[in-house]
Amino acid sequence: MKLTIQNLQYFCSLFFLPKRKTDFFRLVVFFILTVGVWLSLGSGQTFAGTGNSLEKVSLQLKWYHQFQFAGYYAAKAQGFYQEEGLDVTIVEGGPPNPSPLESVLSGQAQYGVLDGELLNVRLRGEPVVLLAVIFQHSPNVLMSRKDSGITKPSDFIGRTIMFTKGHSEIEFKSIFIYEGVPLDKIKFVPHTGSIDPIIDRRVDADTAYLTNEPYMMLKRGVEPALLKPIDYGIDFYGDSLFTTENEIRLHPERVGAFRRASIKGWEYALNNIDEMIDLIMTFPSVKEHNVTAAQLQFEAEKMKELIQPQLIEIGHVNPLRWKHMADTLVHLKLFKPDYSLDGFIYDPNPKPDYKRLLLAIGIITSILLFVGICAIVLLLFNRRLAREVVERKQSEAQLVKAKKEWEYTFDAIADIITIQDKDMHIVRANKAAHDFFQVQYGELNGKRCYELFTGGSEPCSECPQLATLQDIGKHSIIIQHENLGKFFQVSSSAVLADNGDIQYLVHVAKDITEQKKQEQLAQQISRQQEQLKRFESLRTMAGAIAHRFNNAMMAVQGNLELMLITLPDNLKEKKLASDALRAAKGASLVGSMMLSYLGQRPLHLQVSSLSELAGECATELKNQMEPSISLKVISPPAPLICSMDKEQIREVLTNILINAIESLNDEAGEIEISFGTDHFEVASFPVVFQDNDTKNGMYIFCQIRDTGQGIPAENLQRLFEPFFTTKFVGRGLGLALSVGVMRLHHGAILVESKPGAGTTVRILLPGMEHSEKEITSSAGSKKDVVKLSGDLLFADDDDLVRDLGKRMLETLGFTIHTAVNGLEAVEMVQRQDINFRAVVLDISMPVMDGMEAMREIKKSNPDLPILLSSGYSEKDFPIEKDLATKPDGFLQKPFLFSDLQQSLEKLLS
């Protein structure tokens, strides 16, 4: 035993006893003190911390020089180790240097730095001892690219992860096991020591240090996504200082001195970050590894979050957390449950060992008189009692400090945490719980959690605490509390008594409402995209059908018209031809309906009053309604004027009014029509109306509300699909055709409905500025009579249409020249041996289409009138606005004889 300053003070205090003791007793004690000093000095040992010689020791780091070890650099640079009588060599880690564990166990170094792996080593039977914890939380994270979409453990199924063997591997595999993710569904590959594989997408994620790799990732221009073990209940310690049992046994004072100086160094480093960064940047290996000051600054800030110096004393060790870590390793079946952590955690304030002193006293007192022996025994007993009182007070003070630290930590956690008894009564709740329920501190005690969360008298059916009460295990589940409008990740675990029974339940509720909203939003966007794909597919199919149908009907309808023109009135065949033409016109409506659905029917816009048009539709349908149905029209204070095709909007209004009438099932009810203006966002429109031409802004609307049976939520999503109906077969086109009309008008239809509560439909049309409302009309203006004669070129690849067109045009008085494709038409015009008065071109032709042929003709004959024709809508073609390449007219197939005549009159006027 060394005779330290503290021992000397102790002996002196024995000598200067209270005056009520006799001089004899003082002389006896003084004699013992003299002999004890002689024995101590005779052993050849010196006072610790005195003299000029410093004890040489080594500290083995776990990696290359960086801010991760700044506390030890500060202790050396600021002379804290020297003040404790130590000459410390700090050995850099990383290849090719040995690991801290190898160095310390082999005696190359007396002290080392390791993370939670230190616990594994101890449980394997190695004589390592934990001196101090520096990182209160593990810096290990699973890092992926943010654009990979990986946000939770289940997203790693089928993915590849680079893993570093060791304790970090255990942390992350614990997450997957606790979250129910099979490890055999994830591909684990060795870590390359570089982030290049994740940058290049050769792997999906890798194990990383929160203080290092995320910064490197950002520096490479890739935003990382981090999955932290602590977010899933895996809260292991990070970097810790350790030594061996042998070092503590042989050099207890040196161990204490090294620990004190190191912790003092960490306190200095965290308060002088910039100074420490400047110091570290002078290390040669730092420049060798291209470490920058900015990187060290990032590392320092992240380390403060892990060390938490504002909440927890640096070096503080919580034995219960190490036990929890050990229990986790047992749960993973890495160690047996009969482990022991005795001797693993270093006690910086051990009880003094007075064995050698007592031995010396025993030798001396054996030669003293019995009275002297009794006196010494009495004095030692009194002093020991005094020491025990002091030590008890110190222990109580440490317990009070530890209790405060626990309370600060407990209240610093953002999740709602309650500790409950076996009957699920709350015995303690953290600050987050009191803040969430907006009560004063302590008011939650005695209440049950389900009373607070659901307002009910029974636990939630899926409550994880019920499962914990059954098997004492840890359970977790996501629960939606509708009355709070929130989702919670709820977990439960047990605190056991000495006999193994459950003493308390720990209930943690993490608010994941925002995360759930993001997931639901992603699902909604996915459904909308699928709906748009289906809609576009239907549009493509309908357009192709309409084109072919219109071409076919062109020949039927046109030939019938020519028959009626040429047949005498008294022939019965003329009556047959007239009936056939009427039927053909009816059949042509099929193509018109398809164009309506596509939003491609030609628009005949005029400025009109929406309220007046809706009133007209209501009046027309009034006679079809049962007397028990009340129809109410609430007119606006002033007419609501907008630009629209009255006939097409009339069809929309009529369709919706008929649906409202039919929803009442001929029973008593009410239909109310009202009007207004409001600002609408396109995002609030059904997906079929959300295209590039629709804008946020002011819309005028006609609102039709009925008190009918309403529409179930699952049917609301399908209202605008063709042929979807809950009525009899043959219906279901009304709303689908209305979609095309409203898209063409850059408007929308909004539907709100609940079963049994009726339906409200809003028809939205873009509002108009005052200047737009001015109506200009050339009606009644005198038109010049145009003579239809001369040479005219008619180009179409369909034989029937080409022959029909020739006959129609010859009937009008033209001399007709025909072409079967655009190239042939261009060549005929460019020959210039015929003075064509006009050209009629079908757009869809082989070899060269009508659009290209028109552009070629315009180059050489810019003044030659050109009329384009197609079974598709004019809207489907990219017709230039440049007058030099713009057609002079467009004629939709199938067209009547009169349509062709009017188009040519307009073209040649």
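Predicted model: local features only at pLDDT ≥ 70, side-chain atom pairs only at ≥ 80, totals over all residues.
Me: What makes H3 and H11 roughly perpendicular to each other?
Reply: Helix H3 (residues 70-77) and helix H11 (residues 252-271) pack at an angle of about 105 degrees. Angles of 65 to 115 degrees count as roughly perpendicular, and H3 and H11 are therefore placed in that class. Their axes are 7 Å apart.

Me: Which residues make the contact of H3 with H11?
Reply: From H3 come Ala-70, Gly-71, Tyr-72, Ala-74 and Ala-75. H11 supplies Ala-261, Ser-262, Gly-265, Trp-266, Tyr-268 and Ala-269.

Me: How do these residues of the contact of H3 with H11 divide into nonpolar, polar and charged?
Reply: They comprise 8 nonpolar and 3 polar residues, with no charged ones. Gly is counted as polar, so Gly-71 of H3 and Gly-265 of H11 fall on the polar side.

Me: Which residues have the most contacts inside the largest nonpolar core?
Reply: Those are Leu-59, Phe-67, Tyr-72 and Phe-258, in a core of 56 residues. H11 contributes the largest share of this core, 8 residues. Apart from it lies another core, of 50 residues, including Ile-656, Phe-675, Phe-680 and Ile-711.

Me: What is Phe-67 in contact with, leaving aside its neighbours within four places in sequence?
Reply: Phe-67 contacts Trp-266, Ala-269, Ile-273, Met-276, Ile-277, Ile-280, Leu-296, Glu-299, Ala-300 and Met-303. Two of these partners, Trp-266 and Ala-269, also take part in the contact of H3 with H11.

Me: Why is Ile-479 called buried?
Reply: Its relative accessible area is 4%. Buried means under 20%, so Ile-479 qualifies as buried.

Me: Where is Ile-479 found, and what does it touch?
Reply: Ile-479 is found in strand E13 (residues 475-481). Not counting residues up to four places away in sequence, Ile-479 touches Glu-462, Pro-464, Lys-486, Phe-487, Phe-488 and Val-490. Ile-479 and Val-490 are 11 residues apart in sequence, and the C-alpha to C-alpha separation is 6.9 Å.

Me: Which elements have the lowest and the highest mean pLDDT?
Reply: Helix H1 (residues 5-15) has the lowest, 47, and strand E10 (residues 240-244) the highest, 97. For the protein, the mean pLDDT is 83, with 83% of residues at 70 or more.

Me: Where does pLDDT stay under 50, and how many contacts does the model have there beyond four places in sequence?
Reply: One such stretch is residues 37-51, with 13 contacts of that kind. Over residues 8-12 the pLDDT is also below 50, and this stretch has 8 contacts beyond near neighbours in sequence.

Methods: Residues numbered from 1 in each chain as written. Heavy atoms only, no water. Axes fitted to C-alpha atoms, helices over the stretch in contact; angles between N-to-C directions. Helix = DSSP H or I, 4+ residues; strand = E, 2+ residues; numbered from the N terminus. Parallel < 35°, antiparallel > 145°, perpendicular 65-115°, else oblique. Contact = heavy atoms within 4.5 Å. Core = buried A, V, L, I, M, F, W, Y, C linked by side-chain atoms within 4.5 Å. Buried < 20%, exposed > 50% of the residue type's maximum accessible area, 1.4 Å probe, protein only. pLDDT = per-residue confidence, 0-100.
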